[in-house]
Amino acid sequence: MAKNTKIKKIIIGNWKMNPQDSIKAKEIFTSIRKTARTLTKIKTVICPPFVYISELRKLVNTDRIAVGAQNAFYENEGSYTGEVSPSILKNCGVAHIIIGHSERRAKGETNEIVNKKVLKVIGEKMTVVLCIGEKERDHAGEYLNFLKAQIKESLNGISKKELNNIIIAYEPVWAIGKSDKEAPQPADIYEMTIYIRKVLSDMFGSDVASMVPVLYGGSVTSKISLGILKDGKVDGLLIGRQSLDPQDFSITLKQANDL
Ligand code: PEP
């Protein structure tokens, strides 16, 4: 991947709508930070519910861990009740925003809406963690066209230079929220990263496409993370449930650092 040669992997935790109070959020974050701050080759980004962002930011005392966001709106300000904008998040110290998570797409977020969000986040010079992933696999390989359309439509209007601020998270929907036994095999994940890079290369050229970090997400635990990082040859992981379990998550962080 990356421009920063020291940082080899990025591990992103998506806390979704957890935990239930800020005391617990701070406890989990502090525990993860203890490990993350010692690891020189990876960057850890924790994406909590919006309401915890400012408090967790106060606990950041190293650039090896950051607080990101799980979503943002496609306008920066105005009469949009309940929305949170990229510029507001930027002012709270956020640099990474997950866009197009499958749980949001399932609630009606189309590629067109995702694209508007991507453009707004990029406009703020923040980093987009763009989630893509098929709902199911079919023998005819139609899911590959589905993924291609997600990438093309979500990144519509992005320049080569702006691609620097894009991270792709490949998260097959069928593997999210399951047991780690149901996650795809590392060789499968590797093939998917090759396919994703091919689509990016056709859009932007191979020179810039090869620089885009491609992460994997879907039922990762410490039992399978090393294999995915090593043989899946991904640039990092987007982790849901495990990122709320500091002990198991820290094992994955160390694996990523020791590669
Ligand atoms: C996710 O929701 O992005 C995710 C990867 O979840 P989990 O790790 O719990 O499958």
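# Legends to the close-up views

**View 1. Buried residues of helix H6.** In helix H6, the buried residues are Tyr143, Leu147, Gln150, Ile151 and Ser154. They lie on the same side of H6, because the arc that they cover around the axis is only 90°; this arc is taken over the directions from the helix axis to the C-beta atoms. Here a residue is called buried under 20% relative accessible area, exposed over 50% and partly exposed in between, with a 1.4 Å probe and protein chains only. The model is predicted, so local features need pLDDT of at least 70 and side-chain atom pairs count only at pLDDT 80 or more, whereas totals for chains, interfaces and linings use all residues. Residues are numbered from 1 along each chain as its sequence is written, and side-chain values use heavy atoms, with hydrogens and water left out. Helix H6 comprises 13 residues, 142–154, and its first and last C-alpha atoms are 18 Å apart, close to the 18 Å expected at 1.5 Å a residue. The expected span of a helix is 1.5 Å times one less than its number of residues. Helices (H or I, at least four residues) and strands (E, at least two) are DSSP runs numbered from the N terminus.

**View 2. Helix H5 and its buried residues.** Helix H5 is formed by 13 residues, 111–123. From its first C-alpha to its last it reaches 18 Å, close to the expected 18 Å. Buried in H5 are Asn111, Val114, Asn115, Lys117, Val118, Val121 and Ile122. Their directions cover an arc of only 165° around the axis, and therefore these residues are on the same side of H5. An α-helix has 3.6 residues a turn, so residues three or four places apart point the same way.

View 3. Ala25, Ile28, Phe29, Ile32, Arg33, Thr35 and Ala36 are the buried residues of H1. An arc of only 155° around the axis contains them, which puts them on the same side of H1. Ile23 and Lys34 are exposed on the other side of H1.

View 4. Arg33 is placed in helix H1 (residues 22–36), and Ser250 is found in helix H10. Arg33 counts as buried because its relative accessibility is 17%. Ser250 is also buried, with a relative accessible area of 7%. The side chain of Ser250 makes a polar contact of 3.1 Å with the side chain of Thr35. A polar contact is a pair of N or O atoms within 3.5 Å; within protein, one must be able to donate a hydrogen and the other to accept it, and residues adjacent in sequence count only if both atoms are side-chain atoms.

View 5. The shell around the ligand has 14 residues, of which Lys16, Glu171, Gly177, Ser219 and Arg241 come nearest; a residue is near a molecule or strand if one of its heavy atoms lies within 4 Å of it. The shell divides into three nonpolar, seven polar and four charged residues. Ala, Val, Leu, Ile, Met, Phe, Trp, Tyr, Cys and Pro count as nonpolar, Asp, Glu, Lys and Arg as charged, and the others, Gly among them, as polar. An N or O atom in the side chain of Lys16 is 2.5 Å from an oxygen atom of the ligand. A polar side-chain atom of Arg241 is 2.6 Å from an oxygen atom of the ligand, and a polar backbone atom of Gly177 is 2.7 Å from an oxygen atom of the ligand. Of the 290 Å² of accessible area that the ligand has on its own, the protein covers 99%. Accessible areas come from the Shrake-Rupley method with a 1.4 Å probe; for residues, only the protein chains shown count as cover.

**View 6. The loop between strand E1 and helix H1.** Lys16 is located in the loop between E1 and H1. Although Lys16 is not a glycine, its phi is positive, about 55°. Lys16 counts as partly exposed, because its relative accessibility is 21%. Pro19 lies in the loop between strand E1 (9–14) and H1. The peptide bond from Asn18 to Pro19 is cis, and its omega is near -10°.

**View 7. Loops on either side of strand E8.** Lys233 is in the loop between helix H9 (222–230) and E8, and Gly240 is in the loop between strand E8 (236–239) and helix H10 (246–258). Lys233, a residue other than glycine, has a positive phi near 50°. Its relative accessible area is 49%, and Lys233 is therefore partly exposed. Gly240 counts as partly exposed at 21% relative accessibility. Gly240 and Gly218 are 22 residues apart along the chain, and 7.6 Å separates their C-alpha atoms.
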